[in-house]
Amino acid sequence: MSTAITPTHDHAYQGAHDARDHHDDHGPGNWTRIFTTTNHKDIGSMYLWFSLFMFFVGGSMALLIRAELFQPGLQFVQPEVFNSLTTVHALIMIFGAVMPAFTGFANWLIPMQIGAADMAFPRMNNWSFWLMIPAAILLFASFFVPGGAAASGWTLYPPLSIQGGIGLDMTILAIHILGASSIMGSINIITTLLNMRAPGMTLMKMPMFCWTWLITAYLMIAVMPVLAGAITMLLTDRHFGTSFFNAAGGGDPTMFMHIFWFFGHPEVYILILPAFGIVSQIIPTFARKPLFGYASMVYATASIAMLSFIVWGHHMFTVGMPAAGQLFFMYATMLIAVPTGVKIFNWIATMWRGSLSFETPMLFCIGFLCMFTLGGFSGLVLAIVPVDITLHNTYYVVAHFHYVLFPGAIWGLMAGVYFWLPKFTGRMYNETLGKWHFWLSAISFNITFFPQHFLGLAGMPRRIPDYALQFAEWNMVSSIGAFILGFSQLLFVWNVVSCIRSGEKAKAKQWEGADSLEWTHLPSPVPYHTFEIAPVIK
Amino acid sequence: MQTMIRPALNILTNCALCRLKAAGVFAAMCACMVPNAWAGYDFNIPQPGTPISQQIYGLHMYILFVCAAIFVIVFSLMFYSIFKFRKSKGVKPDVNFHESTLIEIIWTIIPFIILIAMAIPATKTVLDMKDTSNPDITVKVTAYQWGWRYDYSAEDFGFYSNLSTPWSQIGQPGTPATEEKGKDYLLEVDNAMVVPVGKRVRLLVTSNDVIHGWYVPQLGVNQYGIPGFIKDVWFKANEVGTFKGQCSQICGKLHGYMPITVIVKSEADYAKWIEESKVKFGAKPLTASLPASASVEDANKKFTLAEAKEVGIKIYAANCIACHQTTGKGMPGAFPALSGSKVVQGPIDAQINVLLNGRPGTAMVSFARLSDSELAAVITYTKNSWDNNTGKIVQPADVKALRKA
């Protein structure tokens, strides 16, 4: 990106106020503010804390799963509880941790990066956050109702999902509410990005984070209603005598899979595209050189989003679809490698002939590049129909999507937190601790998930609480890695909390190479209200 | 810890052997491929057993090597940048190097060409896999919660195939396994599917309740069984042997406990097996849990309490124990207790109806597939075990009467 930014006044921070100027005219300064606030920074922070909490809840479930899988035999949980754990772990990580965390960043950053005072619909913004709380409560509570939490895998395939107890209905309701929250958030983001840019901030001058979110928000609006439709049909099949997915009544269980994955595949890009945006801002900053091929990055992101609508069948190669269907979905899926490759090459070309330094955010981005690419390659392996058939529903698939989601989505988020924390709080995190967090995560992540490729190739199915003896060794290795990985994340919480409480004062432009508006036009910490008068961008 | 050290020792021994034989890298590679050399540390697709799984194996290796090569090339550029263009070395950034249409076109086209090179052999294999024409034998595979049924319709028999690993090897949370885990732990079944070597075997896969996956990696087959629909796949085993697999699609509580065993026999042995099976499984199929003496169904059989309980406990162990538990106490909230249950202690007919029809909307499926005497025995067992002392005996005729109704 080569945005030239010229403040309209000599005063570099025009449009910004000191936080104290406005402290009292925003309702009560006490705890009720968390319910009434319409400020994008407050809501952004609430989203981020919520997702951090959910990350640890989902992570604890993962550790229970890994504890059970440490050895063959049943040691800690009953098989149906194990199934509930894998199901709810996925739902919490997707809908409770990763998506809200991205929305949190969107809330904080989008108005600041485009020179707007707030989001377009501040009250709806408050509502989209608060909807998530009852949804989360429903998900937790479902563990304690008769029959337990949903245990059908997060894909909720009928007829298995027809069998569950009331926990499954609570899950359906929770997903409905979370979907409504996501749709509102997306409408807010699109409206903000299209209508509230500062004079001179053309679309092609927006920072990549804004671009990736614009595209992600459209994906969400397109697919969340599809998911809502699928789970509503599930609900009526369960309770109101319909037979959408019941062959005995003229329905088809396969239809659920088609509808679910028409949502599900764009969903996985919803989980990764904003991380692409974060990485696309951090790498140029620490390479001290503009992002390579800004325009092609925008087009590549848009092509990935569009292709995501025509590849859903690759999740279903084993349902017995005709050869023509398998070939179409295989070719379409392989095509995604092209724009994804372009992005990887662009990031590396950004580093090429730069002037690199390796602070924590940059380390996480480099980790992201290597590990996400590995996940991309295993994705390519899985796109090949015959190979997929031998690996479908095995641990290879588990390894694949954890490689794209943990170092992809989660490390993208971690990098973003370390990168913007000085801006959000006005204080610096502890660099040494940050590096420890990175290296411990990077090593233990690979100890956890690399052996799962071997387990999958050897034929170990996913979502089983117990396994044959030939899988014992790698499972033990994987479980050891998982515990190190899980506990390393506590360093992150410690670092964030001690940064907020007692970090060193950060500079307005903490990173030498940063060039988006929040770094060039606003002090650290950013005041409660920013850009009430829009800056002019040339 | 020993399990961790053993493979390491094996590697060292193998390496030493290689030097002795002066066979160099090639032998080292072979050593890695020899089964057992790495003990439990398998890290590739198991030895292919059919022409299709051979192709799959080859495709996977091909794509793996291409990806590995790309990874090495692309990331050596990145690591070169990391070491060469460091601020700490005083490097100044070349801020003008941020666009090049030519480079962008090149790195769009090259991956595209590589993808075509991958797609061509993959397409060929897909077409081979989908060609289910001209089968030599056809077997219908029906999945149910939680086991398999194989029907050899042309030969007029069929049988159920269930996990044969005892729960005493598996254990329960809080109660460790009382028996050592066997070699084929969780991969062993009572009645294996049997096919002839070198013949095209066509499977018609379906399901009785929820979606399951019939997955035997070495045969190159992984096919969902979908209730209400029949899907077909095929395989042709190269050699005589035993192939193991598992259900691949989550199907409820005991998803992890429904293994598959396929035994490939020579044509003569296969013919012999067919003849034996016609006797064993013909007419009315029985579960293997019954002793051989009980395998002939006798409608006029009159059980004594002791007889019925003796047969019943075996049927209970094969079909009921996973949910209702050895103690008959079930799992509160998920699976109701039989011990002290009003239904079990109540009238005979009500309980027979539950077993024949299941309880729609719960995990209690219909057990109508069991024979009249099997059902009579298991119901009698539940009525006279744990806290239940009804003294009632259910006779096969009672079941038969309600089955017809």
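Hi everyone, let's begin with one serine. Leaving aside residues up to four places away in sequence, Ser478(A) touches Arg66(A), Thr448(A), Pro451(A) and Gln452(A). Before I go on, please keep in mind that this is a predicted model.

Where does Ser478(A) sit? You'll find Ser478(A) in helix α17 of chain A, which covers residues 472-502. And is Ser478(A) buried or exposed? Ser478(A) has 24 C-beta neighbours inside 10 Å, and the cut-off for buried is 20 or more, so Ser478(A) counts as buried. For a sense of distance, take Val311(A): its C-alpha atom is 31 Å from that of Ser478(A), and the two residues are 167 apart along the chain.

Now over to chain B, and a pair of helices. Two packed helices are described by the angle between their axes and the distance between those axes. In chain B, helix α7 (residues 305-319) packs with helix α11 (residues 372-383) at about 100°, and their axes are 7 Å apart. The two, α7(B) and α11(B), are therefore roughly perpendicular to each other. Among the residues making this contact are Leu305(B) and Tyr316(B) of α7(B), along with Ala376(B) and Tyr381(B) of α11(B). By class, the contact of α7(B) with α11(B) has 10 nonpolar, two polar and two charged residues.

Last, how do the two chains meet? Here, 88 residues of chain B are in contact with 84 residues of chain A. On the chain B side, elements supplying at least two residues each include α3 (51-84) and β9 (241-247). The largest share comes from α4(B), with 15 residues. That side of chain B has 51 nonpolar, 25 polar and 12 charged residues.

Definitions and conventions
Residues numbered from 1 in each chain as written. Chains lettered and ligands numbered in written order. Predicted model: local features only at pLDDT ≥ 70, side-chain atom pairs only at ≥ 80, totals over all residues. Contact = placed C-beta atoms within 7 Å. Helix = DSSP H or I, 4+ residues; strand = E, 2+ residues; numbered from the N terminus. Nonpolar A, V, L, I, M, F, W, Y, C, P; charged D, E, K, R; others polar. Axes fitted to C-alpha atoms, helices over the stretch in contact; angles between N-to-C directions. Parallel < 35°, antiparallel > 145°, perpendicular 65-115°, else oblique. Buried ≥ 20, exposed ≤ 12 C-beta atoms within 10 Å, placed from the backbone.
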